[in-house]
Every structure is written in structure tokens, then in C-alpha cells.
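Here is a walk through one protein and its ligand. Keep the structure open as you read.

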Amino acid sequence: MARAALRRPKRCNLKDVAMSQPGDADLIAAARPPQMSYGQYLGLEQLLSAQTPLSGEHDELLFIIIHQASELWLKLCLHELTAARAHIAADDLGPALKMIARVSRIQGQLIQSWDVLATMTPADYSRIRPSLGRSSGFQSYQYRALEFAMGARNRDLLAVHEGAGEIHDALVEALHQPSLYDEAIRLLHRRGVSLPRASRERDFSIERTADPAVEAAWLEVYRNTEAYWDLYDLAEKLVDLEYRFQQWRFAHMKTVERIIGHKPGTGGTSGVSYLIRALDKSFFPELIAVRSGI
Ligand code: HEM
């Protein structure tokens, strides 16, 4: 060790330390990037000027921001699940598990936002309702893309986006791609949990129905968790995604019920009863069915 390092430190008092340490101003100056500001990096000018209430009513800003924040989270969910699906297809399960776990946490944020929106009363909403016209979350193409990425395949819902050019095209493409769940099923087979060809290679644009062969494959995983630990982890993470998706749907339906009661929606559906029907839809039916057999 160098002699200098062994030398006794010079005595100093706290005042000296304070003088020699960089102050806040120095630290801030050092951290400041030379060309780019915080606002520029985040595109805050565009982001914060994208709220244009039409009614002049106090609550419309809340209504717009809840929807916009939800769309931003949906964008991140899609980013994560698209990558997770590619990792599963490439037999690279570790990163996929991490991404799916992140999506579950994002869903927690989305679910939490209903509490904020529920501070809006029927009277508040009825004042902004005329400004909404026919616009409805029913037209959220990111929500539909997320449902497709998970495994839903209701092609009738594409009609809403007809004439929307690239958005429609992207949804049609998503409808034909294997979903996260399709890739999980194919992975089971590659990992030795044998599945018939029909369960793995199908027309992905068609809605899946519960497949006994897939249920039997998951049963094998659940009965041999030690041998298939990562597949078992994947299954539980998928169940978590669906569980939270349903919590979001339920909270949406209940929030809508307390705000508009049983009036029809701005998107032209029956409203609450339409939203109740969505609660019966499962992305991963075999992962629920398998629980009765364990
Ligand atoms: C006061 C607030 C809200 C009301 C009254 C409301 C009402 C409704 C209604 C009645 C529907 C059925 C379609 C229709 O006829 O319009 C619907 C669908 C939908 N809403 Fe909302 N909503 C509200 C807030 C939100 C928020 C904050 C989001 C977040 C993005 C959202 C996302 C959706 C989505 C994605 C659908 C389609 C669901 C499906 O097709 O399964 N909604 N909403």
C-alpha cells in the first residue's frame, strides 16, 4: 500500500468539510445536460398542451387526464407484453417473466385511477357529457391491441376502427399474430409437455375455445412444479395478468354504474350491461380450469 495512504488524515472541523463539499448549486450545475432540458427530453410542451377541455366545466380536466394517463400506461403495457411474447417465442423466459410482472404492477396503477375518477358525481359528468359527442373508451385502439396481445380475438370490434387507416391495419395484424398465450402454449410443447399440432398451429385470428389438451398440459406442469418451475411461474404470472385485467374491468363497470347508472354509453352500447358481459371473458381459460384438477 502506498505510504501516503497510511498517513494520518489531517485534522479538520465540520466547517472545513462544509466548505470543501460541493453545494447544491454546484451539483445542480454539474447534473445539467448541456443541450437538453427536462421538458425537452419528456416532450412536456406537447404533453401538457394536449388537454383541451370543451365544456368549460371544472371536472373535464380530470376526465381528460385520467383517460390520457390510462392511454400512456396502456402504451407501456403493450411495449412490455410485445417484448415478453418475443422472448417466450425465443425460449428466453427470464426477461419475459420480468416484463409480465411489470405489467401487473402497471395494472395496479390503472386500477387505482378509478378511485380518483369516482370523485366525479353524476351531476359533474352530466355537465361535460354533451361535449363528448360519440367519443368513448370503446374506441381505444390500444386497449383493443392489448386484449389481442393477451389472447382475445373478437374481430367484430375492428368495425369501430374501419376507415382509421394505419390503426385499423395494425389491429388486423395483431389479430392474426400469435398472442402471448399462444406463445406460452407453444413453449410448453418445446419444453417437453407434449401438445397436438392443432393446439399449437392454428388460425390465430380465430377466438380460442377451451382446449382439453392445453388444460392437460398445464395440469402436468402444476403437478410437477419442481420439474417445470419456470413454466409454473409463467402460468401464475399469466393468471395474475388476467386477475388484474378483470379487476380493472370490474372497477370500470362499477365506476360507470355510479356515474351514469344504466344509461347507454357514448359509444352506442347498452352501457353497464355491455361492460358486465366482458367480465365473463377469460384470456386463459385452461389456466382457470386446471385449478379444479390440482
Ligand atoms: C366517467 C367515466 C367513464 C364512463 C361514464 C365510461 C363509460 C363507458 C361505457 C358506457 C362503455 C361501453 C361502451 C360505450 O357505449 O361507450 C365504456 C367502454 C370502455 N371504456 Fe369507459 N367510461 C369511463 C371512463 C373510462 C376510462 C377512464 C377509461 C380508460 C382508458 C375507459 C376505457 C374504456 C374502454 C377501454 C372501453 C371498452 C371496453 C370493452 O369494449 O370491453 N373508460 N366506457
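Start at the ligand. Helix H14 gives the largest share of the shell around the ligand, with 4 residues. This is a predicted model. In total, 24 residues surround the ligand. The closest are Ser 136, Gly 137, Gly 265, Gly 267 and Thr 269.

Now step back to the whole fold. The protein has 16 helices and 0 strands. Its radius of gyration is 26 Å, while the globule rule gives 19 Å for 294 residues. The value is well over the rule, so the protein is more spread out than a compact globule. The C-alpha trace spans about 75 × 60 × 35 Å along its principal axes. Of the 294 residues, 20% count as buried.

Next, look inside. The largest nonpolar core has 39 residues. Ala 149, Met 150, Tyr 181, Ala 184 and Leu 238 have the most contacts inside this core. Several helices supply two or more residues each: H6, helix H7 (93-117), helix H9 (141-150), helix H10 (166-176), helix H11 (180-190), helix H13 (212-223) and H14.

Why is H9 described as largely enclosed by the rest of the structure? Because 8 of its 10 residues are buried; a residue counts as buried if 20 or more other C-beta atoms lie within 10 Å of its own. The buried residues in H9 are Tyr 141, Arg 144, Ala 145, Leu 146, Glu 147, Phe 148, Ala 149 and Met 150. Arg 144 and Glu 147 are on that list, and both residue types count as charged. The buried residues of H9 pack against H6, H10, H11 and H14.

Finish at the end of this helix. Leaving aside residues up to four places away in sequence, Met 150 touches Ser 179, Leu 180, Tyr 181, Leu 241 and Phe 283. Tyr 181, like Met 150, is among the residues with the most contacts inside the core. Gly 151 follows H9, and its phi is positive, near 145 degrees.

Notes: Residues are numbered from 1 along each chain as its sequence is written. This is a predicted model: local features need pLDDT of at least 70, side-chain atom pairs count only at pLDDT 80 or more; totals for chains, interfaces and linings use all residues. A residue is near a molecule or strand if its C-beta atom, placed from the backbone, lies within 6 Å of it. The radius of gyration is taken over C-alpha atoms; the globule rule is 2.2 Å times the number of residues to the power 0.38. A residue is buried if 20 or more other C-beta atoms lie within 10 Å of its own, exposed if 12 or fewer, and partly exposed in between; C-beta atoms are placed from the backbone. A nonpolar core is a set of buried Ala, Val, Leu, Ile, Met, Phe, Trp, Tyr and Cys residues joined through C-beta atoms within 7 Å. Two residues are in contact if their C-beta atoms, placed from the backbone, lie within 7 Å.
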